[in-house]
Amino acid sequence: MTRGLMENDGQLTSAFAESIAGWMPRTQRYLVAVSGGRDSVVLLHFLHRVGYDDLVVCHVNHQLRGDDSDEDESFVHEAAKESGYSFESTRIDVRGWAESEKRSIETAARELRYRWLAEMARTLDCPRVVTAHHADDQVETVVMNFFRGCGTRGLAGMAEHSTRTVDGTELELFRPLLPIRREELERYRIEAGLEFREDASNADDFSLRNRVRNHLLPEVERIFERNVTDAILRTASLARSQEAWIAESMGELPRSGDGLSVKALREMEEAQRDRVIWQWLQEEGVRDCGRNEVRKAVAVVLSNGRPAKENLPGDVHVRRRGGILFLEGGRDRS
């Protein structure tokens, strides 16, 4: 299967477009997240060019860059109009919310963006969301997950097609550009003559992703004296294959009442129990769920007395009562 976005002569690769249509049908309606940056501008142009006619262009004004943020919004609105697509936007005080919730700007922006997309999905009865994530984003994600001490689930990175539950709404996420490198997106942009909005903050080190992109990866390549991108992408591909096998082997969660059966969890091997609890916490919408959160839940499962309750992120508590492990609290959970 051809995975390049363009042929050597600069023409759009029809085989790539057809391969996407196999799992992202052109006959369906999609919400397309467009920031106005190069990647999302290329995504919108590409989808329009290969026959996706029923799109809703969605833009979040994070109000982080003053007049520049407002100009981004106007730019995306005009791009949607030129392509004949409807346009939806919102303005969110990301900085204020991040400060009140003691979250990083990067994390707050991502969480609020997905909340609004979930709201649009409910309003427009369209759960399908398309984003402009590409191969270099994948590399950065895998590297960050590795240094967070994740397992194969984190090393798998993002999938081209996946689901995510936000505020009780299951979003179907599509990332058609995920196999494509940043340099090829830029070549496509130049060939198509596309303008885009440059976010100067991408060069700053305020976010972890920027530091990984601007400093860590270049230093790793200097040390290894080679481009490490392909190796990281191969690792992610292998991890996704393993994750698919694990998910198929796991079967149904041992549900009981509004939670999980403590008896069934106690009878499992450690690796299986950890995986089941992690999957359950993810499905229940516990944010920033990782190894520490799983360990807290396991402590509640295995104890005969205390702790019968542990605190998790987002004002969520994991509890055990009557042989059932369950969650309570949390403003962010449905």
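1. R164 lies over the face of Y114, 3.9 Å from the ring centre. A charge counts as over a ring if NZ of Lys or CZ of Arg is within 6 Å of the ring centre and within 35 degrees of the ring normal. Likewise, the charged end of R128 sits over the ring of Y30, 5.9 Å from its centre.

2. On the source: this is a predicted model, in which local features need pLDDT of at least 70 and side-chain atom pairs count only at pLDDT 80 or more, while totals for chains, interfaces and linings use all residues. Residues are numbered from 1 along each chain as its sequence is written, and side-chain values use heavy atoms, with hydrogens and water left out.

3. There are five aromatic pairs in the structure (rings of Phe, Tyr and Trp, the last by its six-membered ring, with centres within 6.5 Å; planes under 30 degrees apart are stacked, over 60 edge-to-face, the rest tilted). One of them, W23 with F174, is stacked, at 6.1 Å centre to centre and 10 degrees between the planes. W23 lies in the loop between α1 (14-21) and β1 (30-33) and F174 in strand β6 (residues 169-174), so this pair ties together parts 151 residues apart in sequence. Helices (H or I, at least four residues) and strands (E, at least two) are DSSP runs, numbered from the N terminus.

4. W23 is partly exposed, with a relative accessible area of 23%, whereas F174 is buried, at 0%. Buried means under 20% relative accessible area, exposed over 50%, and partly exposed in between (1.4 Å probe, protein chains only).

5. Y30 and F174 form an edge-to-face pair, because their ring centres are 5.3 Å apart and their planes at 90 degrees. Y30 is in strand β1 and F174 in strand β6, 144 residues apart. Both Y30 and F174 are buried.

6. W23, Y30, Y52 and F174 form one aromatic cluster.
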